[in-house]
Amino acid sequence: MNRRPITPTQRGLGYAVFARLAALLLKRPHTARSLARAARVSETAARRFLAAMHEERAAYVCAFGRGRGNRLGARMFAIGNEPDVPKPTRLSNAERMRRYRARRRTLAGAWPVSIRITP
């Protein structure tokens with residue numbers, strides 16, 4: 001496929017917003033949500049920007065967050081032409097339950113042994 005380079009306005013972003021997002025991404029890696037909050041733009045605009053940068057190989061996935069439970073967290077993007085970090089493997093149900101039980105044991109030890117109720 002022979003495509004023309006995508007300009008910011010073709011992605012629904014103005015040049016000023018594009019420059020602001022690029023400047024923030026140059027400082028440190030961001031997720032789409034953190035980039036949107038820092039630049040005071042919508043999360044959709046930040047996602048479009050990151051998708052365009054990733055598609056043109058101007059940004060890469062440098063890390064993955066870990067979501068709640070067994071979910072995969074958000075991708076963190078950084079400026080550069082490096083290969084993306086591979087997705088982390090999902091936790092098995094056995095591993096999830098092992099971690100859950102360990103949390104429960106530590107919480108159970110923190111509770112008082114006896115509770116005195118006074119009228």
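Figure 1. The model is predicted: local features need pLDDT of at least 70 and side-chain atom pairs pLDDT 80 or more, while totals for chains, interfaces and linings use all residues. Residues are numbered from 1 along each chain as its sequence is written, and side-chain values use heavy atoms, without hydrogens and water. The chain has four helices and two strands. Their order from the N terminus is α-α-α-β-β-α. Helices (H or I, at least four residues) and strands (E, at least two) are DSSP runs, numbered from the N terminus. Of the 119 residues, 24% are buried. Buried means under 20% relative accessible area, exposed over 50%, and partly exposed in between (1.4 Å probe, protein chains only). Among contacts in the chain with a separation of 6 or more, 33% join residues 24 or more positions apart. A contact means heavy atoms within 4.5 Å.

**Figure 2. The largest nonpolar core.** This core has 19 residues. L21, L35, V41, F49 and L50 have the most contacts inside it. The elements giving two or more residues to the core are α1 (15–27), α2, α3 and β1. A nonpolar core is a set of buried Ala, Val, Leu, Ile, Met, Phe, Trp, Tyr and Cys residues joined through side-chain atoms within 4.5 Å. L35 touches L21, L24, L25, H30, A46, F49 and L50, leaving aside neighbours within four places in sequence.

**Figure 3. A22 in helix α1.** A22 belongs to helix α1. Its relative accessible area is 19%, so A22 counts as buried. A22 and A59 lie 37 residues apart in sequence, yet their C-alpha atoms are 10.0 Å apart in space.

**Figure 4. The largest pocket.** About 310 Å³ of space lies in this pocket. A pocket is found on a 1 Å grid over the protein atoms alone: it is an open set of points where a 1.4 Å probe fits, with protein on both sides within 12 Å along at least five of seven lines, and lining residues have an atom within 4 Å of a point. Grid points are joined across faces, edges and corners, and the volume is the space filled by probe spheres set on the points. The lining includes T31, R33, E43, H54, G73 and F77. α2, α3 and β2 (72–79) each supply at least two lining residues. The largest share, five residues, comes from α3.

Figure 5. T31 lies in the loop between α1 and α2. With a relative accessible area of 16%, T31 is buried. Not counting residues up to four places away in sequence, T31 touches L50, A74, R75 and M76. T31, L50, A74 and R75 are among the residues lining the largest pocket.

**Figure 6. Two arginines with positive phi.** Most residues other than glycine have a negative phi. R40 has a positive phi of about 55 degrees. R40 sits in the loop between α2 (32–39) and α3 (43–55). Its relative accessible area is 74%, so R40 is exposed. R57 has a positive phi near 60 degrees. The loop between α3 and β1 (59–66) holds R57. R57 counts as exposed because its relative accessibility is 60%.
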